[in-house]
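Dear colleague,

I am handing over the structure below, together with some notes on what was found in it. Please read the notes with the coordinates open beside you.

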Amino acid sequence: MENASPPRILIVGLDRYGMRACVRLGLDTTVVCGAPSWDEGHIAIPDDVTVLRVDDHTNPEAVLMALDRAGLTGLPGRTGPAFDAVYTTDEDSLVMVGLLARHLGLPFTPPEVAVRFRDKSVQKREIRAAGIATAGAEVIDDVHDVTAIDRLPFERAVLKPVAGAATERTSVVTSAAELRQRSNEYRRQDTPQRTFVLEEFVRGEEWIADGVLYEGELLFYALGRYGDPCLTAVDTGRPLHFHHFDPAADGWAHDRALPVIKASLEALGLRDGMFHLELFHDPGTGTLTFGECAARRGGALVQEVVQAKFNVDLAECAIQVALGRRPALDVKVRPSVVGGAYLTAGAGLLLDCPSAAEVTALPGVEFVRIERPVGEYAPEVAGTGQRIGQFMVMADSVEELRDRFVEVWEWFRTRLVVAPDGLKPRELRELQHVLRPAARFGDALWQ
């Protein structure tokens with residue numbers, strides 16, 4: 001048994017913590033990486049990982065062809081599939097990986113279950129059928145043509161892609177005229193996403209739950225809340241921020257949320273893997289309304305904050321579950337309030353910003369990741385995936401945590417150098433003095 005080969009795992013899409021867990025567990029790891037992720041170059045790939053480059057890692061044809069070129073559709077002398085497990089945390093790849101796993105004879109979220117986590121309208125239908133409170137929803141087959149809609153199904157509606165993510169192309173509309181305006185905008189942009197959904201607008205605090213399921217058992221979950229609902233953060237340009245509740249001090253929140261979390265996961269049919277679930281909490285009535293749920297761990301700094309607060313590595317749990325192993329959890333609750341937040345800027349060309357080390361030196365800051373390189377154009381914030389970087393803070397109270405968020409945002413903002421959209425040449429010349437005060441640029445006379 002000492003000479004037995006290590007388990008082989010196929011990861012679709014880049015996941016820094018998933019790859020780290022595979023290396024730590026001694027797995028033979030192959031990663032399929034699409035061209036956009038490769039070109040971005042933000043996520044470092046460990047040397048111990050085999051990389052298969054493809055045009056699009058969400059496309060089953062591209063992935064299967066890459067596996068065949070690499071001789072990984074089957075191994076000589078080995079019966080059964082070339083891999084022991086397949087895994088992804090890429091939202092756009094979930095259904096495809098379900099189909100791929102079935103084709104390769106590997107366990108993963110079945111494609112029919114993955115669809116319930118991708119299609120917002122199907123998800124709401126299943127949740128509503130289970131008797132769980134959630135928003136009403138109606139599908140728009142083609143958002144480029146809404147001429148047949150003369151009135152909205154709800155007084156205030158949220159327009160979003162039926163299979164979107166990160167609050168991209170998500171907006172509130174209050175009339176058929178506003179819907180037509182948005183439709184014309186998307187038509188001019190020739191958006192690839194055409195099938196949208198209109199959802200009933202739900203007010204309240206936006207709560208989040210991230211957890212681990214194994215054979216239908218909820219092994220662990222962390223409950224928290226966004227400082228502002230995601231849509232509010234996008235609309236106002238305020239950086240996304242969140243923190244997790246303490247199981248003891250905030251026991252009332254867990255008492256309210258846990259039954260809804262369990263019922264929602266059962267209604268959607270998820271038995272193994274990770275989930276990121278969003279709920280709307282009405283502080284006046286205490287009621288919870290189901291928002292959305294993804295069959296993966298949350299984005300932003302959820303991985304880092306959960307590990308810092310609860311000593312649980314969600315990515316390693318996901319890899320263990322993918323291998324058919326029950327994760328061994330050693331939950332240790334840290335007394336501090338732990339939260340994560342974005343570092344953002346207005347639209348324009350990023351010329352300079354503080355380093356991760358400089359931000360980490362600020363009070364209470366435990367971790368920083370600067371993600372956007374200097375010299376890249378930063379577009380107007382249109383979703384929760386757009387940011388310059390992220391940071392994690394620890395504090396003694398929620399109030400102190402929020403104060404520290406604000407302090408970091410203000411400190412960072414005053415040290416950003418961005419060439420905003422629409423500057424005249426005169427204004428760009430003035431900006432050069434900020435970048436290189438001692439250098440001389442511009443008009444000059446000889447003698």
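This is a predicted model: local features need pLDDT of at least 70, side-chain atom pairs count only at pLDDT 80 or more; totals for chains, interfaces and linings use all residues.

The structure holds 7 aromatic pairs. In one of these, the rings of W207 and F245 have their centres 5.3 Å apart and their planes at 75 degrees, so the pair counts as edge-to-face. Since W207 belongs to strand β9 (residues 205-214) and F245 to the loop between β11 (241-244) and α9, the pair ties together parts that are 38 residues apart in sequence. Both W207 and F245 are buried, and together with W252 they form one aromatic cluster.

A further edge-to-face pair is formed by F391 and F405, with 5.7 Å from centre to centre and 80 degrees between the planes. F391 lies in strand β18 (residues 389-395) and F405 in helix α13 (residues 398-415), so this pair links parts that are 14 residues apart in sequence. F391 is buried, with a relative accessible area of 0%, and F405 is likewise buried, at 2%.

Another ring, that of F201, has the charged end of R156 sitting over it, 4.2 Å from its centre.

In helix α6 (residues 120-129), the buried residues include K120, V122 and I127, and the buried residues of α6 pack against elements among which are α5 (111-118), β5 (137-140) and α9 (251-268). Just after α6, G131 takes a positive phi of about 80 degrees.

On the surface, L329, V331 and V333 form a nonpolar patch with about 200 Å² of accessible area together. L329 is placed in the loop between α11 (314-322) and β14 (337-343), and is partly exposed, with a relative accessible area of 31%.

Key:
Residues are numbered from 1 along each chain as its sequence is written. Side-chain values use heavy atoms; hydrogens and water are left out. Patches are made of residues with over 30% relative accessible area and no salt bridge: like charges are joined within 9 Å, nonpolar side chains (Val, Leu, Ile, Met, Phe, Trp, Tyr) within 5 Å. Accessible areas come from the Shrake-Rupley method with a 1.4 Å probe; for residues, only the protein chains shown count as cover. A salt bridge is a side-chain nitrogen of Lys or Arg within 4 Å of a carboxyl oxygen of Asp or Glu. Helices (H or I, at least four residues) and strands (E, at least two) are DSSP runs, numbered from the N terminus. Buried means under 20% relative accessible area, exposed over 50%, partly exposed in between (1.4 Å probe, protein chains only). Contact means heavy atoms within 4.5 Å. Rings of Phe, Tyr and Trp (its six-membered ring) pair if their centres lie within 6.5 Å; planes under 30 degrees apart count as stacked, over 60 as edge-to-face and the rest as tilted. A charge sits over a ring if NZ of Lys or CZ of Arg is within 6 Å of the ring centre and within 35 degrees of the ring normal.
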